[in-house]
Amino acid sequence: MWMLLAPACLWLTGCQLPEDAMTVRRAESAGSGTLFAGAGELNVPIRASSINDVARMLAGMEAYGGQSGFAAVRDSSAWPHHQRQMEALWRRHELGRGQKVRAWAAQEISDLQHNRALFYPFSGPDYLFAHELFPSAETYILCGLEPAEPLPDLRTLSPGDVALGLYGLRTSLSSIMDAGYFVTKDMRNDFQATRFRGTLPVLLVFLARTGATVESVDIVTLDGSGTPVLTVAAGGSAPGLMIRFRNGVGGMKRLFYFRQDLSNGSTRLGGAFLTFVAKQGYPPALVKSASYLMHDSGFSNIRSYLVRSTSGLVQDPSGVPYRDLVNAGLSVDLYGRYQGTLGIFSQQQPDLMSAYSSGGHRVQAVDFGFGYLYNSSSTSIMVARRR
């Protein structure tokens, strides 16, 4: 367990950020209370090899090194079907978007990829595209309204629970693997429909499928100074998750997921959440399929933070309005061919449409869809940088 290796705090290998940016504080015990109970509360095994086995099992992958844990799932009649379906989902993603997105990112945003961290507001549990676009980040900060709930006790699941749980997990994943984004209303229903509830199973699947070895899962909250503190869950749902993992033989990485309302009433400039983000070195941000919330005055705080306090921004039209990027003095490169947004949204951007044809920006074609505009013929990507 990591507590035995790092008794005071948690560090990332080779990190050059200020000390308090990378520290995760120990929570203080009240009386004889047990510390570091997060993994147990989430029904996550303590041993790293077993945690990784859970991730691979949920992802429809065989265990490493001949391990065959969680027989209630792997020996069930539903398991072979789950394996085949997960392989098919992953193959469709790889051929349809994954390979193309990674190639584009390496060519077009390699300067932003050098940052040690990535901020992905309105992400939900979409570690998949965070990894595809920023594979070398050491700290990923994701947030959404979806809860982080415990896994079921995998040793006690009935065959029916297993079959229904694996089916529900695939349903939760199918929209982002096929279309490239979670459908918000469907996600909230799907994430609560079976025994594999909340964001944790989805995050573990994406980590396993992108080649990560999961080392630990802990519950965290942010104190008033924006420092993550190991804690326990209240009411069964965790305020935040910290997942430590490795990709290949590289150093340790961290994935934070916070259940965070980004409207002005819950997220303010200088508040704990955005202070925590800024402590990671003012990382670049990714915004995709964000329901055009930042086009509304009720989300002006997060909008202001993104245009003023990030090193760069990669987004689709559902993120910060194009006019705000320009008014903030950012340089903007355009990709694809914007022809308006989906009919279910009213936030059309005529100025963005004109920008594609005016010659005032560099415009490049892309061969993949991105966000809500998931067809390559009508998609739009904006990359904004400080001049």
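## Helices H9 and H11

Helix H9 (residues 159–178) packs against helix H11 (residues 200–209) at an angle of about 60°, and their axes lie 10 Å apart. Because angles under 35 degrees count as roughly parallel, over 145 as roughly antiparallel, 65 to 115 as roughly perpendicular and the rest as oblique, H9 is oblique to H11. Here axes are lines fitted to C-alpha atoms, for helices over the stretch in contact, with angles running from 0 to 180 degrees between N-to-C directions, while helices are DSSP runs (H or I, at least four residues) numbered from the N terminus.

Leu169, Leu173, Ile176 and Met177 of H9 make the contact (heavy atoms within 4.5 Å) with Pro201, Val202, Val205 and Phe206 of H11. By class, this contact of H9 with H11 has eight nonpolar residues, no polar and no charged ones, where Ala, Val, Leu, Ile, Met, Phe, Trp, Tyr, Cys and Pro count as nonpolar, Asp, Glu, Lys and Arg as charged, and the others, Gly among them, as polar.

## Model and confidence

This is a predicted model, in which local features need pLDDT of at least 70 and side-chain atom pairs count only at pLDDT 80 or more, whereas totals for chains, interfaces and linings use all residues. Residues are numbered from 1 along each chain as its sequence is written, and side-chain values use heavy atoms, with hydrogens and water left out.

The protein chain averages a pLDDT (the predictor's confidence in each residue, from 0 to 100) of 85, and 84% of the residues score at least 70. Over residues 1–19, however, pLDDT stays under 50.

## Helix H6 and its partners

H6 and H9 pack at an angle of about 10°, with axes 10 Å apart, which makes H6 roughly parallel to H9. Among the residues making this contact are Trp90 and Arg97 of H6 and Leu173 and Met177 of H9; by class, the contact of H6 with H9 has six nonpolar, five polar and four charged residues.

The whole structure holds 12 salt bridges, each a side-chain nitrogen of Lys or Arg within 4 Å of a carboxyl oxygen of Asp or Glu. Glu87 forms one with Arg209, the closest N and O atoms being 3.0 Å apart. This pair links distant parts of the chain, with Glu87 in helix H6 (residues 79–108) and Arg209 in helix H11, 122 residues apart.

Key. Helix = DSSP H or I, 4+ residues; strand = E, 2+ residues; numbered from the N terminus.
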